[in-house]
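Q: Please take a close look at the sheet in this model. Which strands pair, and what packs on them?

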Amino acid sequence: MKHPLRVFLIGAMLLGLSPDSALADDAPAVVVAKSIRKVLTPHQPKWDGILTVHDNMLFVQCINRAEAPDLRCEAAGLEGEPWLRNVLTAARQNGLIARGFRPDATSGNFVRSFPRSIKPAKLAGIILGVLTEIYGADADNIAALADWLPALPCHPRLMADHDRGGSIATPRWGFAQDTAKGCEIVTNTDGFNDDDPDAVAPGAPPEGEVDLDARYAAPIAAQIKRLESGRKHIWAIFDAGIPYLQCQFDEPDNAIYCEAASDDASGAPLARILTPARRQKLLDAGFETPGKVVNFRRFYPLARYDETAVARALLAALHDGYGYGGTPALVLHTEKGDATPL
């Protein structure tokens, strides 16, 4: 069973643009076309070019394989990222197929080949159209990573059910510990945690409910204040046992960005707690459904929320969304690797 806490992919997700990411004066189509020219147009006999165009975990990844006659592009699939079921409806999957992308059992993604003669601007338009029109990506958040890897018959991929699962791993895309053995992924669309007979049953009332604001608002607000310093690579996780919330500062929006645990991240134990009614409570509280990232997510703009207001909103989300009543005690995890009861 994997640990239920899923820490941010800081740098790739929110806090730092890659060298190939869109600059303020560059339209996404320009950035992607430039990246295509870097790694998909040249032919290097001993190297494979990998282009990854993404908005968080929504991705289209293309490979310029040294020995292949065509370019191969893959759009994220449900087998690698099961939480995409919130985004990739049957109608949208049909839309992908209508654009020439076909399901591929080996990668779990939707795959299409393109002739090497395709113009960079045309391929960029196709990729951006898939991300924005099929997956609902935000064009302003789309980034492009252009990488060269030593030529191989097939490249290792990130494991299914992990962030960016099913995609080819590169030095700037994914973590080495999440790389699957071999070249194929083993899919598990039911989530990666085993069934837990000791998990809380749906709708079970929390025991020993306490005044959450009185007990936790001040220490959580102190952590939010720490995040507001704007320093990169700092975060806080508020761990309530099975459910959790995790937050960091988002500089572009001058906001506190938070994620609330989904059953895709924490598996069957959380699925029992997160009933449809409680899930709706999270949505009513302003959280977006999983898809762009594996968890529910929302922003708290600092122009509208001070640290105390953010703290109270998070506690309300824990209470209303997960039925948390104060037991077990919240544990704080930070970028320092510590675990401290609040």
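A: Strand β1 (residues 47-55) and strand β2 (residues 58-64) run antiparallel, joined by 7 bridges. Strands pair if DSSP finds at least two bridges between them. Strands are DSSP runs of E, at least two residues; helices are runs of H or I, at least four; both are numbered from the N terminus. G49 stands opposite N64 in β2.

This is a predicted model: local features need pLDDT of at least 70, side-chain atom pairs count only at pLDDT 80 or more, and totals for chains, interfaces and linings use all residues. Residues are numbered from 1 along each chain as its sequence is written, and side-chain values use heavy atoms, with hydrogens and water left out.

The open sheet has 6 strands, in the order β4-β5-β3-β2-β1-β6. Their pairing is antiparallel. At the edges stand β4 (102-103) and β6 (143-150). Each has a single partner strand, so one side of each is left without a neighbour in the sheet.

Now the helices on the sheet. Helix α1 (residues 28-39) lies across β1, β2 and β6. Its direction runs at about 5 degrees to β6. Angles run from 0 to 180 degrees between N-to-C directions; axes are lines fitted to C-alpha atoms, for helices over the stretch in contact. Contact means heavy atoms within 4.5 Å. Helix α3 (residues 120-134) also packs on the sheet. Helix α3 touches β1, β2, β3 (70-75) and β5 (110-115). The direction of α3 makes about 150 degrees with that of β2.
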